[in-house]
Amino acid sequence: MMRARQRVFWWSPALILSVLAALLASAGTAQATTLHTVPPVSGSLTGHNISGVYVSGISSGGYMAGQLHVAHSKKVKGAAIFGAGPYYCAQNNVYQALYGCGDTLYPTYLSTLTSRASTWSSYGWIDPVSNLSGSPVYLYQGKNDTTVKPSVGDAGKAFYQHFGANVTYDNTSAAGHSWVTPYGPNSCTANSAPYMNNCGTDPQRALLQKLFGSVSSPNTGPLTGKLVKFGQSTHAVNGLASTLSMGSSGFAYVPKACESESSCRLMVSLHGCKQGYDKIGTTFVDRANLNQYADNNKMIVLYPQATSSAVNPNGCWDWWGYLGATNYPIQGGAQVETIMNMITALGG
């Protein structure tokens, strides 16, 4: 009986090196999705050398980001908005907020919003809308978003383009209603809490490139900055954050480089409904993928916090007038000015 020949595989040095390279690459990918956090430390907002102020947000936080950008366009240089529509979309009407600003917005309605912004600008109630010309704006709208339909995101794009903003509109993702992040615990198409989805992409790189012009890679290892937990009532326009449906505490991530005299940018990041500290703890703060970029890009990240109240059970930001005031989207609006006070305290 003949003995079967035993095959012998010979691994060349080049082949061994290519296999090792592939293993290292896969290890790097795994490392990139490992979440590193730092525990919050109690403190206060202190002044820094701020070179520019930018805003970002998801859902109600996206609408609030738009309010901050349009009302204070002299100071706020750009915006990144996920899952939200145009400025003053709700027009002080909760039913319009729920249905019109979640479902379908018609071009004739959009003309009302642009006209209102122009009028308020002429009154001096908001900064000159001419400031929006050339302002960088990044908009993200998921195809499977069942809370804010694509037509609403389209209207947000049209609003900004009407005033000459430099808009990038990412509406190709299969994402549900969410802040899409490599650290999202939900699948890409989910429309459920905590509204942080992983689509295998990194929109934060794209938005920071849009707003800043260039961006360094994020820190995928242990974070080197500190997360400051500060009292929001100190900055509230009436001295009591709870009466403004804002939490007792907010957060600010300060990279080590920004603790010195280095010039740093300031990013205000606004959570959506059901995403505040009273609902999900620091999940949004930890998983937004902004602290990681902050470490390597000299960027302070401010995380103001809305909270639940009798008129706001889901802890949303006031983008339809639930505080009972008609000035909520303009200068003097209670939440808008409270956040601006925080920006000023940080040196913005």
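Visitor: Which cysteine does a disulfide join to Cys-188?

Guide: This is a predicted model. A disulfide needs two cysteine sulfur atoms within 2.5 Å. Here the S to S distance is 2.1 Å. The partner of Cys-188 is Cys-199.

Visitor: How many residues apart are Cys-188 and Cys-199?

Guide: Cys-188 sits in the loop between β7 (186-187) and β8 (196-198). Cys-199 sits in the loop between β8 and α6 (203-212). The pair links distant parts of the chain, and the two are 11 residues apart.

Visitor: Are Cys-188 and Cys-199 buried or exposed?

Guide: Buried means under 20% relative accessible area. Both Cys-188 and Cys-199 are buried.

Visitor: Is the disulfide of Cys-258 and Cys-264 left-handed or right-handed?

Guide: A disulfide joins Cys-258 to Cys-264, with S to S 2.1 Å. The torsion about this S-S bond is about -105 degrees, so the disulfide is left-handed.

Visitor: Why does the pair of Cys-273 and Cys-316 tie together parts that are apart in sequence?

Guide: These two cysteines are joined by a disulfide, S to S 2.0 Å. Cys-273 lies in the loop between β11 (263-270) and α7 (277-280). Cys-316 lies in the loop between β12 (299-303) and α10 (334-345), so the parts tied together are 43 residues apart in sequence.

Visitor: What is the relative accessible area of Cys-316?

Guide: The cut-off for buried is under 20%. Cys-316 is buried, and its relative accessible area is 5%.

Visitor: What is the pairing of the bonded cysteines in sequence order?

Guide: The count comes to 4 disulfides. Number the bonded cysteines of the protein in sequence order, and the pairing is 1-2, 3-4, 5-6, 7-8.

Definitions and conventions: Residues numbered from 1 in each chain as written. Predicted model: local features only at pLDDT ≥ 70, side-chain atom pairs only at ≥ 80, totals over all residues. Heavy atoms only, no water. Helix = DSSP H or I, 4+ residues; strand = E, 2+ residues; numbered from the N terminus. Buried < 20%, exposed > 50% of the residue type's maximum accessible area, 1.4 Å probe, protein only.
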